[in-house]
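Student: I have a structure to go through before class. Can we take it piece by piece?
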Amino acid sequence: MSLKLSDFLRNTGTFLKGRAPGQAIIQLTDHCNARCPQCGMRVQEKFDRHRLSDERLFAMIDRAAENGVNAISFTGGEPFLHTDTLINCVNRSSENGIKFIRTGTNAYFLTGHDKPDFTDKVKRMAERIAATKLYTIWFSLDTWNAELHEEMRGLRGVVKGMEKALPIFAEYGIYPSANLGINRNVSFGDIPELTSGESKAVFRESFMEGFRRFYSFAENLGFTIVNACYPMSADGNTVYRAESADRIVKFTVEEKIELFTALSEAIPEYRSRLRIFTPRSSLLSLLRQYKGDETADYGCRGGIDFFYIDGKNGHAHPCGFREGEDMGAYEQFEAKGFGIKASCRKCDWECFRDPSTLLGPVTEFFEHPAGLLSRFANDREFFRLWLEDIRYYSACGFFNGREKPDFTKMSRFKTTK
Ligand code: SF4
Ligand code: SF4
């Protein structure tokens, strides 16, 4: 399932129309069994919960394929509360020719690692997944401290369970990704109020050390792929609800600048050891945005080529966060982004922001090559990072969670600190 030249050629027609390959994120359900303080869907929140029917999900997947989607994600809530439906959706997607099929979990089914049937239970799950063409499965991990992660999630023993399960998954050719939802608990040591240059440096260093510890922690647990979800803070009323107004994910602009700088500086130290999905060109764009400079920022393709489908009504939305922009039932939805400029920058949702930045120069090449050349000449910093990201993605086999990492290729990205 590696990425081939034919995959790029198949997308050429899309790029020629000024579009990027489509992405759909479908919320199977908003039911969840975890207690995460950073999320509005945690089990203790009281609201009417929903689950999309299999029939509608299949119709949506068929429509997604017709709409040119080649990356589909099944999210929750907790998607593995409905494993049969989830597996059927993955199969339906691959039957429709969708290549990048992703899902994730809080890994609640990996609690109870000390029970006698744990290994058999994990094997049964791995067998089921191995029989599909699922490209990525992510396990959420909120910090580098196992105890703190388990306390945040309300899932005692889940980290040990992941550690025991990862080699079993590997036997079945499955390499899950550790997904870090960035929050204040990632920092190492106390983080100061930002009042001076000195406190900014301390803030940045505490997160940089936190990111280093997180990468080492994930590596020691046996993960080979890692991603970071940028903090999502909102005061309610989003479609997705995967965010919170809690201080744990609420960062000021000044703090975000230090946070994204810390992440960008920590990544190179681990690129030869772990497949790290986070593109540094995207972090540069976010940093520039927060510093008031949007040079080389390609804007988000949410609502143009990327869409979010809610678990309540099964309706399309530009993303999970722009409330009040209901585009109707997804199974009847026709994506028509022609001529719409990608310009939204209202949030940092990495699911849409990262691929928007990575695909930006490619869409511009087909749409407005002179503009791209001029950008290229005037913004070496961005293009240096962008080209490095593309080379790195290639060395990582485009994060195929069904293949082992190629450490020989990744070793080209080894840095001395
Ligand atoms: S972050 Fe995920 S696991 Fe945690 S409450 Fe929200 S949906 Fe559930
Ligand atoms: S930037 Fe955020 S709010 Fe805007 S379309 Fe993208 S995901 Fe949605």
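Student: Where is Ala107 found?
Tutor: Ala107 is in the loop between strand 3 (100-105) and helix 4 (118-130). Helices (H or I, at least four residues) and strands (E, at least two) are DSSP runs, numbered from the N terminus. This is a predicted model, in which local features need pLDDT of at least 70 and side-chain atom pairs count only at pLDDT 80 or more, while totals for chains, interfaces and linings use all residues. Residues are numbered from 1 along each chain as its sequence is written, chains are lettered from A and ligands numbered from 1 in the order in which they are written, and side-chain values use heavy atoms, with hydrogens and water left out.

Student: Is Ala107 buried or exposed?
Tutor: Ala107 counts as buried because its relative accessibility is 0%. Buried means under 20% relative accessible area, exposed over 50%, and partly exposed in between (1.4 Å probe, protein chains only).

Student: And what is the phi of Ala107 near?
Tutor: Phi of Ala107 is near 65°, a positive value in a residue other than glycine. Most residues other than glycine have a negative phi. Arg241 also has a positive phi, near 75°.

Student: Where does Arg241 sit?
Tutor: Arg241 is in the loop between strand 6 (225-229) and helix 8. Arg241 is partly exposed, with a relative accessible area of 35%.

Student: OK, backbone again. Which peptide bond is cis?
Tutor: The bond from Gly76 to Gly77 is cis, with omega near 10°. Most peptide bonds are trans. Gly77 is in the loop between strand 2 (69-75) and helix 3 (83-95).

Student: Which residues are around ligand 1?
Tutor: Gly77 is one of them, and the others are Cys32, Ala34, Cys36, Cys39, Arg42, Asn106 and Arg153. A residue is near a molecule or strand if one of its heavy atoms lies within 4 Å of it.

Student: How does that shell divide?
Tutor: The shell around ligand 1 has 4 nonpolar, 2 polar and 2 charged residues. Ala, Val, Leu, Ile, Met, Phe, Trp, Tyr, Cys and Pro count as nonpolar, Asp, Glu, Lys and Arg as charged, and the others, Gly among them, as polar.

Student: New topic: Ser93. Which helix is that in, and what does Ser93 touch?
Tutor: Ser93 lies in helix 3. Not counting residues up to four places away in sequence, Ser93 touches Ile61, Ile72, Phe74, Ile98 and Ile101. Contact means heavy atoms within 4.5 Å. Ser93 is buried, at a relative accessible area of 0%.

Student: In which sense do strands 4 and 5 pair?
Tutor: Strand 4 (residues 136-141) and strand 5 (residues 177-181) pair in the parallel sense, over 4 bridges. Trp138 has Ser177 in strand 5 as its bridge partner.

Definitions and conventions. Two strands pair if DSSP finds at least two bridges between them.
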